[in-house]
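Here are my notes on the model you sent over.

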Amino acid sequence: MAKERVVLAYSGGLDTSVAIGWIGERTGAEVITVAVDVGQGGEDLETIRQRALDCGAVEAYIADARDEFASEYCMPALKAGALYMDAYPLISAISRPVIVKHLVAAARQFGASTVAHGCTGKGNDQVRFENGITQLGPDLACLSPVRDLALTREFAIDYANKHNLPIETTHHNPFSIDQNVWGRAIETGYLEDLWNAPTKDVYTYTDDPTYPPLPDEVIITFEGGIPVKIDGEAVTPLQAIEQLNKRAGKQGIGRIDVVEDRYVGIKSREIYEAPGAMALLTAHKELENVTMDREQARFKRTVADRWADIVYEGQWFSPLKRSLDAYIEDTQRYVSGDIRMVMHGGRATVTGRRSEASLYDFNLATYDAGDSFDQSHAKGFIELTGLPAKLAAARDVTFGRGVAIPPARLN
């Protein structure tokens, strides 16, 4: 009789390397690892694949998903203008669905009935992984060795040394770090004391904005809400993010220090670095200001907030997410044109906008010769828009509830 199989989201680090053997011992199942490159850097996929096999995996699935992640996950976040709590550009939250997609694909390919991940029981990622897995594969079971099988950090180090696993066990990093091409998330260690300021060793993607190089002017060209050129040179979504990570990162753009509300109900202090993401979000928002109707833009802000919330909460594959995507996609029809920005000293400042689909009419906006705005319409406009409040104010006066205006004081 064939053994049960478990697919494990594999980073190549200590915890998930130990989890390969630990899952086998505790469940009797064979383990297939899945490593997905979303632009996190570090070791190449073949090195990670071989380590998984050396640690006891029966199969090791690897996927270079950098272009897929940039095009199918980062770009929807950009078009949505998504910032959780108006601050966090969903760095980890949008990478989990693409990893989940490959986990479920591997489960189907290798005949696994369970999908495992390395998340703890107090973070958001367990929700993102397990909701995503069950939404794509309702028949699949989920397992967390850390949460469900009591795999502690101390035990992992002892287990790796005892079994001579080919993994570093002595290096100590005080931070928990998750990174990809969209940005970098840092937590734990001394950052858990909210009064402690982050030190320079926290940052990798960005240089200190206090001592920036000369200002860097960039022109980003969008088509349908997606960056397609930088300074006139054609780029893919991945190339756009990577180039702006370097250029905006040198200017210290995209550093975020926030106490955020985790989905599990606790507050957590997080440091983020997202130079490319924040530069693109700034440029994209300004182009929307030029090309989107006022009421459409107003409602999109509500949609963007809800989109960010449900993605943060692990609902990438949900019906509501699909419906919101349809609205957002429609809003991007005319979000095409050029944005010029100056990046310097931690700020990306828009200095120029142009679009063939612009709703800006110079002749209506100007106060100089050529003004085509008929000011005689303004009086009636004010009368009609102010009428409901005027009637309510008159009623308040009738019932003695009008706003009291104190008499003027004479000197």
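1. A word on terms before we start: helices (H or I, at least four residues) and strands (E, at least two) are DSSP runs, numbered from the N terminus. Bear in mind that this is a predicted model, where local features need pLDDT of at least 70 and side-chain atom pairs count only at pLDDT 80 or more, while totals for chains, interfaces and linings use all residues. Residues are numbered from 1 along each chain as its sequence is written, and side-chain values use heavy atoms, with hydrogens and water left out.

2. The overall picture. The protein chain has 13 helices and 14 strands, and its C-alpha atoms fill a box of roughly 85 × 55 × 50 Å along the principal axes. Of the 411 residues, 45% are buried (buried is under 20% relative accessible area, exposed over 50%, partly exposed in between, with a 1.4 Å probe and protein chains only). Take the contacts (heavy atoms within 4.5 Å) between residues at least 6 apart in sequence: 73% of them join residues at least 24 apart.

3. What the record says. UniProt, in an unreviewed entry, puts "domain: Arginosuccinate synthase C-terminal" at residues 175-391. UniProt positions are in the numbering used here, feature names are shortened, and annotations may be inferred rather than shown by experiment. In the model that span is 37% helix and 25% strand, and its end C-alpha atoms lie 60 Å apart.

4. The annotated binding site. The unreviewed UniProt entry lists Ala9, Tyr10, Ser11, Gly12, Gly13, Leu14, Asp15, Thr16, Ser17 and Gly118. These positions spread over 110 residues of sequence, yet they cluster in space, with a largest C-alpha distance of 12.8 Å. Gly13 sits in the loop between strand 1 (5-9) and helix 1 (14-27) and is partly exposed at 23% relative accessible area. Leu14 is in helix 1, and counts as buried because its relative accessibility is 6%.

5. Ala141. Here we are in strand 5 (residues 141-143). Which residues does Ala141 contact, leaving aside neighbours within four places in sequence? Ser113, Thr114 and Val115. The C-alpha atoms of Ala141 and Thr114 are separated by 4.5 Å, although the two are 27 residues apart along the chain. At 35% relative accessibility, Ala141 is partly exposed.

6. Not counting residues up to four places away in sequence, His284 touches Leu78, Lys79, Phe222, Gly225, Gln332 and Val335. Glu286 makes a salt bridge with Arg353 (2.6 Å, N to O); by salt bridge I mean a side-chain nitrogen of Lys or Arg within 4 Å of a carboxyl oxygen of Asp or Glu. Glu286 is in helix 9 and Arg353 in strand 14 (residues 347-354), so the pair ties together parts 67 residues apart in sequence. Glu286 counts as buried at 19%, whereas Arg353 is partly exposed at 43%.

7. Other salt bridges. The structure holds 28. One of them joins Arg66 and Asp37, with the closest N and O atoms 3.7 Å apart; Arg66 is in helix 3 (residues 66-80) and Asp37 in strand 2 (residues 30-37), 29 residues apart. Arg247 pairs with Asp216 at 2.8 Å between closest N and O atoms, linking helix 8 (residues 237-250) to strand 8 (residues 216-223). Look too at Arg96, Asp125, Arg128 and Asp178, which are linked in a network of salt bridges.
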